[in-house]
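Morning, everyone. I have one structure to go through today, and I will keep it short. Here it is.

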Amino acid sequence: MASSGDGERRRVVVTGVAGRLGRLVARRLHRDPSYHVIGLDRRPFIDRPKDIEHHQVDLRSKRARDVFRTQRVDALVHMGFLHTPRATSAEHYSWNIGGTDRLLEYCAQYRVPKVVVLSSANVYGPRADNTQFLTEDAPLLAAQAFPEMRDLVEIDHMASSFFWKAREIETVILRPVHILGAVKNAPSNYLRLSVIPTLLGFDPMVQIIHERDVAEAIACGLKPGARGIFNLAGPGEVPLSVVLRELGRPTVPVPHPLAKPLWRAAWRLGLNSFPVDEFDFIRYVCMVDATRASRELGFRARHSLRETIHAVLDSRE
Amino acid sequence: MGAGDWLRSRIDRYVDTRLGPDYEARSRALTVRQNEFGFDPFGFSLGSVKYVVLVSRWLYRSYFRAEVHGIEHVPPAGRVLLVSNHSGQLPFDGLVIGMALFLDADPPRVVRSMVEHFVPTVPFVSYLLSRWGQITGTPENCRRLLSDEEAILVFPEGARGISKPFSQRYQLQDFGYGFMRLALETKTPIVPVAVIGAEEQAPAVNIKPLARLLGSPSFPVVPYPPFVPLVPLPVKYRLYFGEPIFFEGDADDDDEQIEPKVKQVVHRIQSMIHMGLRGRRGIFW
């Protein structure tokens, strides 16, 4: 590592670096002597390795711009999205859409040759008439059923129009399936509930991916030459019930006409943190075909189904 | 270990003994892709299929006493589209064809059929059908399974066929063209199938005003309790499998070019139906 000077290393800005997944990505790139990681997050970076640079700033601030203006940046990994169900939609909009818009603008202005945006396979939306495996050209219909997803869909659209507009920049959009691990996202939180509600009579096939596999996929996306939109799938497909059985948690099947009102009431009382509309993810299929990622990025999930499922109970760093 | 687990293990043991060694041998002879939990990418699992096989086998052998002709025309391996007439208000014709391929074909094959788009919204049916190998009817799903060399059953008459009234028995309804485009695109042979019997299993009339009121494609009524076609009559099923037909051409051709090819399949099925009707002694025996 010492042999290569800082000048030859690719300088990668990682937004949202202080989150669980952000730290995994930072560590993954940090281990690789060809990268120099520059974190960008308004939260402090806990247990930061010394040679990872961290700027504790708001993405929309002038100081975030300075990160791009005052130094050479070779790549941006954008994964710093706000997804706090309790925050207002105005706050979400301003942070997610405003922030992404600024970042892409800096990349165009300061000639950042590589942009990797972490979107999600959820943008396709769980639907009864979904084909079993959606390819990258399927329409992004998630926002039709639930407005909470609008931001995510819009970010994906912004990134793909950036991909077409800024042709000299290699833009990579990654759409991973449900990410499981110590990460605090909706599917992992759901699987960590002490009693897990399910919908009576529904048991869709789900795809899951280990958080470390996502970090690896981001590293694949950073490789020179890689560009385009890529679905990321994990080791395979299983019914939701198998995931729950594997975790050994008690479940409560709720008839779906009752589930929504009950859940909405619990949400109002602050008893849970899942918006009602996310129920569709445990009702309908929303799975992707990830052959393009394996063919063009050379990405394959390394963790088995069982390891991926049990990763939600894993608390080690 | 709760009461539920105890019950499940008792049922499992009962089902296994009733199914016997023949089922064991046949299910082992199937080529099924499975992951570490025993599921294929579409949710099919041999483990959950045995319960439905027990019931279906009884329907197939004892209730409908199915008679199968020409099953050797179904290729033993590789992609194939089985195209059949559709009737009888409830899709027992699909079940009987599936059983014929599992119990009477050599080697046995799993046949997968395409279900309507509303099916995934129905509790229990949604996932049970997928565990038993049925798939949501989208062209992409069909294409994917054919490229994985699976056998797919299609009813190009769709809802028009299954919900037609008794007065139109053995009259084929209009065929959709989608199956032909898929066959051309994926270079898949078509095996025409004629089902005799299903057309008489539920002699129904269609109450159109009620159907319109409920917004469903039809509202069939049968002249015996419970008046809705839930239980089929014990008609005798006769299945005729025709020789595979290979079509060549461009899948994106206009309907005018596709139509004669579809007609060819329709005529083949129609003539097998006529042959079968001429040869039978009665509806129930």
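This is a predicted model. I will start with the overall form of chain B. The C-alpha trace of chain B spans about 60 × 45 × 40 Å along its principal axes. Its secondary structure comes to 9 helices and 9 strands. Of the 285 residues, 37% count as buried. Among contacts in chain B with a separation of 6 or more, 75% are between residues 24 or more positions apart.

Next, the interface. Chain A puts 21 residues into the contact and chain B puts in 20. On the chain A side, the elements giving two or more residues are strand S11 (237–239) and helix H11 (305–310). S11(A) gives the most, with 3 residues. By type, that side of chain A has 11 nonpolar, 6 polar and 4 charged residues.

Last, one helix pair inside chain A. The axes of H1 (residues 20–31) and H7 (residues 211–221) of chain A come within 9 Å and cross at roughly 50°. That angle is why H1(A) counts as oblique to H7(A). The crossing of H1(A) past H7(A) is right-handed. H1(A) makes the contact through residues including A:Leu21, A:Leu24 and A:Arg28, and H7(A) through residues including A:Glu211, A:Val214 and A:Ile218. The residues of this helix contact divide into 8 nonpolar and 4 charged, with no polar ones.

That is what I have; I will take questions now.

Methods:
Residues are numbered from 1 along each chain as its sequence is written. Chains are lettered from A and ligands numbered from 1 in the order in which they are written. This is a predicted model: local features need pLDDT of at least 70, side-chain atom pairs count only at pLDDT 80 or more; totals for chains, interfaces and linings use all residues. Two residues are in contact if their C-beta atoms, placed from the backbone, lie within 7 Å. Helices (H or I, at least four residues) and strands (E, at least two) are DSSP runs, numbered from the N terminus. Ala, Val, Leu, Ile, Met, Phe, Trp, Tyr, Cys and Pro count as nonpolar, Asp, Glu, Lys and Arg as charged, and the others, Gly among them, as polar. Axes are lines fitted to C-alpha atoms, for helices over the stretch in contact, and angles run from 0 to 180 degrees between N-to-C directions. Angles under 35 degrees count as roughly parallel, over 145 as roughly antiparallel, 65 to 115 as roughly perpendicular and the rest as oblique. A crossing is left-handed if the near helix is turned anticlockwise from the far one by less than a right angle, and right-handed if clockwise. A residue is buried if 20 or more other C-beta atoms lie within 10 Å of its own, exposed if 12 or fewer, and partly exposed in between; C-beta atoms are placed from the backbone.
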